[in-house]
Amino acid sequence: MHRAVFLMICAIPCVLSSTTISSDLNIPATEAVLHSKSESVESDEIAPEDTPCTCGVFLSSQFKKGSKDQPKGDSVLTQEIDMPFPNNAIGNKQCTHRCLEMIIKHLPKSSDIICATVDKDSVHREKAFLFVKNRSYKWHPTNFSAGREFCCKDHQPYKCSKGPK
C-alpha cells in the first residue's frame, strides 16, 4: 500500500533528511528535518545496537542495483528518527514506513532539495533511492525510488531531456 502511494506521488527523490534545509526553499525549519551529508554524525560514537532508524537517499550512480555492496559516498539526504525500532525484519519495515511518512511532506520541493544538497555540480537523469539503517552501521536498500529522474546544474534543477542517458 505505502509503495503504491509512494510511487504514484513520485515527484520526489525520496526526499529524506534530518534537521535543517536552506531557508530559500521556503520550508519552515521547525517542519523541515533535512540534513545535508556534511552534518552527519560520527559513527564511532554510537554502538550499532543504539543506532536509531535512519533514512538515507542515494542517487543511482552511488550504488549498483541488486548488489549487497554499500552505496558509495555519503547519502544526499539523511533523516534520523529519534528512536530505534526492533532489530528484526518487522522493525526494519517500521523504519522504512516511518521514512516514507517523512518523505511525503517534502514531495513538492524534491528537485530543489536534491539539487541543493547533492555533492556535485551536475546530475543528469539520476534516480533517488531510499536506504535505511536500523540498529546497524550498514545501509539496507528498500527498493523504493522516486520513480523519476533528476537533473541539476550548479545545484539548480532543470527539466531532464528525453532520450538516452
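Select Cys-115 and Cys-152: both are buried, meaning under 20% relative accessible area with a 1.4 Å probe and protein chains only. This is a predicted model, where local features need pLDDT of at least 70, side-chain atom pairs count only at pLDDT 80 or more, and totals for chains, interfaces and linings use all residues. Residues are numbered from 1 along each chain as its sequence is written, and side-chain values use heavy atoms, without hydrogens and water.

Stay on this pair. Cys-115 and Cys-152 form a disulfide with sulfur atoms 1.9 Å apart; the term covers cysteine sulfur pairs within 2.5 Å. Cys-115 sits in helix H3 (residues 110–117) and Cys-152 in strand E7 (residues 150–153), so the link ties together parts 37 residues apart in sequence. Helices (H or I, at least four residues) and strands (E, at least two) are DSSP runs, numbered from the N terminus. The S-S torsion of Cys-115 and Cys-152 is about -75°, so this disulfide is left-handed.

Next, select Cys-151 and Cys-160. Their sulfur atoms are 2.0 Å apart, in a disulfide. Its torsion is about 120°, so the disulfide of Cys-151 and Cys-160 is right-handed. Both cysteines are buried.

Now go to Cys-55 and Cys-99. They form a disulfide, with sulfur atoms 1.8 Å apart. Cys-55 lies in strand E2 (residues 54–59) and Cys-99 in helix H2 (residues 89–104), so the pair joins parts 44 residues apart in sequence. Both Cys-55 and Cys-99 are buried.

Finally, show all the disulfides. The whole structure has four. With the bonded cysteines numbered in sequence order, the pairing is 1-3, 2-4, 5-7, 6-8.

Note on methods. Buried < 20%, exposed > 50% of the residue type's maximum accessible area, 1.4 Å probe, protein only.
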